[in-house]
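Visitor: I'd like to learn how to read a fold like this one. Can you walk me through it?

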Amino acid sequence: MTKVILGGGLTGLSAAYYLLKRIPNQKVTLVESSHRLGGWIKSNVLDNEVIFEQGPRTIRPQGKPGANTLSLIDDLGLSSKITPILASHPAAQNRMIYVNGKLFTLPSGLFSLFKKQPPFSKSFIRYFAQDFFSPKKTVSDESIYDFACRRFGQEFADYLISALICGICAGNSKEISVKFLMKQFFEYEQRYGSVLKGVANNLFKRKENVELKGLALRAKKEKWSVYSFINGLETLPQSLENYIRRNNVDIQLNSRCNQLEMSDNGLILHFENGAHLKSDHLISSIPAESLAKLTERQHPHFSKLLTNIPSVSVCVVNLCYPGKLLTREGFGFLVPPKEQLPILGIIYDSCCFSRSNDTVLTVMMGGYWFEQFFGKNPEENVLLQTAKEQVKAILGIRQEPAQFKVNILHKCIPQYVVGHEDNLNGINRYINENKLPISLCGASFYGVGVNDVILSARNAVECL
């Protein structure tokens, strides 16, 4: 019987790819509610070759998830289309935060950890040393903000950790689980009493080796920091789409499912237009909140667990100004929530990937604070004006942009709030105990990054 994949974003496309690789003759149907595939990843190429990225724009090559993505890219024949940012590039060296009306560069190397760099009142090594004398607090989970405050101090949590959470998931560090970004550090404290003691005890233990080959080996040798593609990140989902179309995957666009009916023999997907689709197994890559609505009638407890994984909306404003206008090169900057500004940060696209003589910026706004600053249904001109005002105030760019694009990405980034891991265990336990013919993958469950969702799709397929 046909395997069905629900959701045609990067996760769903990856799941279809891995399913075809594992079972070449398997009948696969991919169901997508919108008119296109690729999800939040969209690269708008302008006439002057400038690229406006609507969603994610770069990928990190490090670790097992990074190596897995590079292997996928290798298999798709995209190696020649990659454009990397090396560790020596200003975009890798200069990552900034905006505090008290000024831009400050974050430490980027070993020696910089020993120097005091504003807005921090002491060197990073002194913050780390504070951990050694901080008492242990035995908890099953807590917010990453509270953990950072306890171990490294409030200043460290306010300026660094809170800003990083804004950049990674547009979230509030006072609600995000410490296990989202600092799980190993948290486990070190719980086991050894402090992070530094945990690091010392595990310094010489054998670590899991990731065998690097192909692109992953090249990335390590050339010291890639991050990378994208010549024509933008959408190259990846487009290539996956081309691959699964060539291999006869049945792709159903504009197909909005409104209920899942599950039984011992499989499941039935019911659609808004009255149609239905039978399958022996479903791989769901849609957001947890969306899946909750489809399962609420038959499995209310399962649905309730899924609703415990909320998402936030982000407004992305792309701006293109004629000429080179930035006074300092870098990847861009993040704004800690303490500053109470309507933006999360600004990415210097034209510094990261120089494709013309223009200055290209991406202003990220809203996230956890979207409704606080903009209400439920803000007008595009209000969002554009806010972005331009912040660019003017912070970067001193007073001229009008020659080109711009405003996108509101509704509920685009899941939030791993305190208790996420326990909730996820409860979700998987419910699936196993009730023998539900469903596998979960995607940003709602096993990581919000590009590498994470691709690896989660692979794992879901391999567990069938």
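Visitor: Let's begin inside: which residues touch the most other members of the largest nonpolar core?

Guide: Keep in mind that this is a predicted model. The largest nonpolar core has 47 residues, and I97, F120 and F156 touch the most other members. Helix 6 (residues 154–169) gives the most to this core, with nine residues.

Visitor: What does I97 touch, leaving out residues up to four places away in sequence?

Guide: Its partners include K102, L103, F104, L106, P119 and F120, along with Y159, A163, F333 and L334. Apart from that core lies another, of 42 residues, with I5, I82, C441 and V453 among them.

Visitor: Now helices. How do I describe two that pack?

Guide: You give the angle between their axes and the distance between the axes. Here, helix 1 (residues 10–22) packs on helix 18 (residues 450–462) at about 40°, and the axes are 8 Å apart. That angle makes helix 1 oblique to helix 18, and their crossing is right-handed.

Visitor: Which residues make the contact between helix 1 and helix 18?

Guide: Helix 1 brings residues including L10, T11, Y18 and R22, while helix 18 brings V450, I454, R458 and E462, among others. By class, the contact has nine nonpolar, three polar and three charged residues.

Visitor: And helix 8: which of its residues are buried?

Guide: In helix 8 (residues 183–192), those are F186, Y188, E189, Q190 and Y192. Their cover includes helix 5 (144–152), helix 7 (178–181) and helix 9 (195–202). Just after helix 8, look at G193, which takes a positive phi of about 100°.

Key:
Residues numbered from 1 in each chain as written. Predicted model: local features only at pLDDT ≥ 70, side-chain atom pairs only at ≥ 80, totals over all residues. Heavy atoms only, no water. Axes fitted to C-alpha atoms, helices over the stretch in contact; angles between N-to-C directions. Helix = DSSP H or I, 4+ residues; strand = E, 2+ residues; numbered from the N terminus. Parallel < 35°, antiparallel > 145°, perpendicular 65-115°, else oblique. Left-handed = near helix turned anticlockwise from the far one by under 90°. Contact = heavy atoms within 4.5 Å. Nonpolar A, V, L, I, M, F, W, Y, C, P; charged D, E, K, R; others polar. Core = buried A, V, L, I, M, F, W, Y, C linked by side-chain atoms within 4.5 Å. Buried < 20%, exposed > 50% of the residue type's maximum accessible area, 1.4 Å probe, protein only.
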